[in-house]
Amino acid sequence: MILGTSSSPHHTARRSTQIIMQLVMLAAIPGLLAQWYFFGWGVVIQLALAIVTCVGCEALVLALRKKPVVFVLNDYSAVLTGWLLAICLPPLLPWWMTVIGCVFAIVIAKQLYGGLGFNIFNPAMIGYVVLLISFPAQMSQWLPVNGLAELSPSLLDSLSVIFTGFTVSGHDIEQLRYTIDGVTSATPLDSVRTAITLNNTYSDAINSPVFNGGLLASWGAGWGWISAFYLLGGIALIMANIINWRIPVSVLVGVAITATVLNLLNGDLYGSAVYHWFNGAVMVGAFFIATDPVSASTTAKGKVVFGALIGFWIVIIRTFGGYPDAVAFSILFLNMSVPLIDYYTQPRTYGHSTKNRAENSAEKRKKKSN
Amino acid sequence: MESFDTIVKRLSENRLWQFPGGVKPQDKKALSNTHAIRRLPLPDCLYIPLKQHIGNKGSLIVEVGQRVLKGQPLTKASGPYSVPIHASTSGTVKAIDEHVSAHPSGIAEPTLMLEPDGLDEWIKLHPNPHYSQLDKSTLVELICDAGISGMGGAGFPTHIKTNNPQKLEFLIINGIECEPYITADDRLMREHAWQIRQGIDILQHTLNPKHIIVAVEDNKPEALEALRIACKDKPDCSLVSTPTLYPMGGEKQLIQVVTGREVPGKGLPSDIGITMFNIGTCFAIADAVFNGKPLIERVVTLTGEAVKAPQNVWALIGTPIAFLTEHAQLKSSKRYSQRIIMGGPMMGFTVTSPRVPVVKTTNCLLMPKASFAQPEDIERPCIRCSACSDVCPASLLPQQLLWHSKAKEYDKAQDYNLFDCIECGACAYVCPSDIPLVQYYRQAKSAVRSEKDEKQKAEKAKARFDARTQRLENDKKEREEKHQKAAQARQNAKANANDTATETTTAPKSAAVAAAIARAKAKKQQTSTPVLETEQKEPAQVDDKKAKVAAAVARAKAKKAASSNAIESEEKLESNTEAPQQTEVDDKKAKIAAAVARAKAKKAAASNGVEPNEKTAPTIETTQQTDADAKKAKVAAAVARAKAKAKAKAEKNAE
């Protein structure tokens, strides 16, 4: 008999990193299906393209860093990064832009920082922001949602546009963006911004066609439903104990409080909480991106602060900033602040005084220097 | 801190507190808790480690080849933190040698090998049925002599805890047994509740707590019921059923759950008026007092998926585990490596040899399904998911501790309260990245400890070195001062000699002075014989020994000088006496000699018809001042007076 050895604990009830990543993707499927329904095949093509690029980049860098390629790829983190980046991109973005975004996400933001677990910034959001800053025009070329579009590109058309710039029948992306009313479509967030700069009121703005078809008045057509499905998936993740409730709930509360305060100050200029929740990427951001454990806060109190500030920044940038949506920026800002938040929100250790640990260690240092 | 009354009130309402975190592993206790504790035949050989507790090992009192009886002490407690060990059965001491230990490292430790003779013959026992008539110290001694150390896991000598001088509010009896698989305490409570209660009675008598709390997890209702019946008529005693949550049985956690109090960071439970004993320890205490039996056996759970007959057995201390695994019918496999875990799956350790013995803290041998995979092989990077900090019962941040432990930043790890980790393993249990967190913390802790040890050693060495350098310097300084003084004294003496035409030395060293006296006398002798006669009478008048000696030396020298009558011999004498001057320091002699010299100087002055020497006097006085000694001064004065009288006489006679 060979006696084996191991260190305690000898039993575990773990859900491996791999399973966690897979479950997160599983929970994102309803939202993805909604996106596919409203925006067509482009969504799926971007998803496949991003995943392939991300996994390829990860494998390449791992080989260069002389790490066990298959073992690390098996954690599915690269797949998830590609997935999260893809669902944030306009469906018919030229392929090489998607590739650039993925390369930045995996090579620069993740592997150059040391790989999984060492990246301070959320890789998918870095990829997204790089694209948004570099190619602002293309990154805002969202298609009109299903039902509002004049032309609905088929799978082949979508492929063709992404890889050549033209559909099989020769239409380019700008033509595909015409709505049935004969104007270039805008996302709900865009249309409200434009309306307000044209001195229209917020309540007028949400009467525009891009808000038709939502369950509530302020739901963007299609976007509201997509958000709702991501919300469902997110709730499932909390129920399955994959993500902690603190971050997503604080994000939503942060958004709601900031939006409500502004809306009460001037209802003609500032959107309501529901408007902010169900348009753009708030739901995806709150449940799927801000909850990325590596780059988020780790303490219980810290998670609340982290989430609430993300919510606050989303509304502030959307309302006063230059970009229509701000989920990526807000998350990256707070990623930067995580070490600070974590340091000042440490829990009280058993048997220690209620005094903040930071104060304690400062005192200790003082004593030492004395 | 929660007040005593609040706690008792809440306990009576069956309302408890909570500890943060915790995990709920499958308890798997049903595998082994259905059968009564079995007795096994005697094993072929027992390996009894000399030290099975925290503290110092006792000193051996048996020899190789000696026959010992069951229960006979093999060692004697050698200090306050030491308890003896006893022969688990009658037999012969085969050897006392290094043997693989019941420790994760398996490192060899001094062990007594006992070959049972099969008779199982008890030594004469001394039962104490009337414990309440015994005083506290006798009971503590009984508990110590029975070799009892904490049986819950840590193995802290029990008599130290029973000898608590602090005022106690709560005595907590820990029947939690929160580790999965283990049912040793469960069976003991079910079958021996009455004896456990007797143990509690004894503890109550020695510790005198205001209230007793007996706590059992709610997955052991039979055990709780048995204790409830046993303790029915016991006043000031609460039986508590706690939720089943790991690590409820940890001392700090159980205290928090039943009293809402927290043991201070660097303190002990007694600091908050609480002490805790394991039910196994209570049982052993009752055995020791009522039956006079020392701790030579304990209940061990043999369980796991790899055994065919999971069960609880009474195992003699020193039984090699192979003997037990055989009884539990361990399914052996040649292809797979089989882990044998001593203790539970959460905090136990894998043994390194089948010859590892059962010790006083061995509560379980767990044999999980054989497998290839070792957790260490598949560790992934931490993704900071904070699942670990969610389950940490001490509210630590395991991910930060890991980060700093891995980076060997031990200062920072300590800032994150590394040493408050109780190593319960809840963090590693939930870690999705398969990181053996506890292992990292253990390594960090031992690194910090050895760093501290080294620092202490270095500091001690430095202190020793500094003290030595200081001492050497002081010695050197003293020597130099002495040399200086001596040199000055010699110079002064020379100057005086010129003035008085008498060679007088006032060096504080007796030998030199004596020599000088001798010289002076020798000269005097040449000039006037009557003076010599009177001088010879002097010693009789003074009853100081030293004075006599000095005088004798002087006389001898005078004789010598008289016989040789040459100055060269004087010089030789001086050089001879210079050597001892450095080594021999005798202030007394010096003073006396100085006084003698003074007197002589006066005398010489008188006989020469010159005024008394004023220059010698101050130098003599300075030496007197530095070596102040009232007695000697008086003696010297007396000598001087006597001499003065003699001088006067001599003068009269001369006239």
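## Exercises on helix packing, loops and buried residues

In this predicted model, where local features need pLDDT of at least 70, side-chain atom pairs count only at pLDDT 80 or more and totals for chains, interfaces and linings use all residues, the helices H1(A) and H4(A) pack with their axes 10 Å apart and at an angle of about 20 degrees. Residues are numbered from 1 along each chain as its sequence is written, chains are lettered from A and ligands numbered from 1 in the order in which they are written, and side-chain values use heavy atoms, with hydrogens and water left out.

### Exercise 1

Describe how H1(A) and H4(A) are arranged, and list the residues through which they meet.

*Step 1.* Two packed helices are described by the angle between their axes and the distance between the axes. Axes are lines fitted to C-alpha atoms, for helices over the stretch in contact, and angles run from 0 to 180 degrees between N-to-C directions. The helices (H or I, at least four residues) and strands (E, at least two) are DSSP runs, numbered from the N terminus.

*Step 2.* The angle between H1(A) and H4(A) is about 20 degrees, which makes H1(A) roughly parallel to H4(A). Angles under 35 degrees count as roughly parallel, over 145 as roughly antiparallel, 65 to 115 as roughly perpendicular and the rest as oblique.

*Step 3.* The crossing of H1(A) and H4(A) is left-handed; a crossing is left-handed if the near helix is turned anticlockwise from the far one by less than a right angle, and right-handed if clockwise.

*Step 4.* From H1(A), the residues Met21(A), Val24(A), Met25(A), Ala28(A), Ile29(A) and Leu32(A) meet Ser77(A), Val79(A), Leu80(A) and Trp83(A) of H4(A), where contact means heavy atoms within 4.5 Å. The residues of this contact of H1(A) with H4(A) divide into nine nonpolar, one polar and no charged. Ala, Val, Leu, Ile, Met, Phe, Trp, Tyr, Cys and Pro count as nonpolar, Asp, Glu, Lys and Arg as charged, and the others, Gly among them, as polar.

### Exercise 2

Describe the packing of H2(A) with H5(A), and then examine Thr98(A).

*Step 1.* H2(A) and H5(A), the latter spanning residues 95-110, pack with their axes 9 Å apart at an angle of about 35 degrees, and H2(A) passes H5(A) in a right-handed crossing. By class, this contact of H2(A) with H5(A) has eleven nonpolar, three polar and two charged residues.

*Step 2.* Among the residues that meet are Gln46(A), Leu49(A) and Ala50(A) in H2(A) and Thr98(A) in H5(A).

*Step 3.* Thr98(A) is buried, with a relative accessible area of 0%; buried means under 20% relative accessible area, exposed over 50%, partly exposed in between (1.4 Å probe, protein chains only).

*Step 4.* The side chain of Thr98(A) makes a polar contact with the side chain of Gln46(A) at 2.7 Å. A polar contact is a pair of N or O atoms within 3.5 Å; within protein, one must be able to donate a hydrogen and the other to accept it, and residues adjacent in sequence count only if both atoms are side-chain atoms. Leaving aside neighbours within four places in sequence, Thr98(A) is in contact with residues including Leu89(A) and Leu93(A).

### Exercise 3

Which backbone values stand out at Lys66(A), Tyr76(A) and Pro9(A), and where do these residues lie?

*Step 1.* Lys66(A), a residue other than glycine, has a positive phi near 60 degrees; Lys66(A) lies in the loop between H2 (42-64) and H3 (69-73) of chain A and counts as exposed at 74% relative accessibility.

*Step 2.* Tyr76(A), also a residue other than glycine, has a positive phi near 65 degrees, is found in the loop between H3 and H4 (77-86) of chain A, and counts as partly exposed at 29% relative accessibility.

*Step 3.* The peptide bond from Ser8(A) to Pro9(A) is cis, with omega near -5 degrees, and Pro9(A) lies in the loop between strand E1 (2-4) and helix H1 (17-39) of chain A.

### Exercise 4

Is Lys234(B) buried or exposed, and which residue does its side chain make a polar contact with?

*Step 1.* Lys234(B) lies in the loop between helix H5 (221-230) and E10 of chain B, and Lys234(B) is buried, with a relative accessible area of 7%.

*Step 2.* The side chain of Lys234(B) makes a polar contact with the side chain of Gln204(B) at 2.5 Å.
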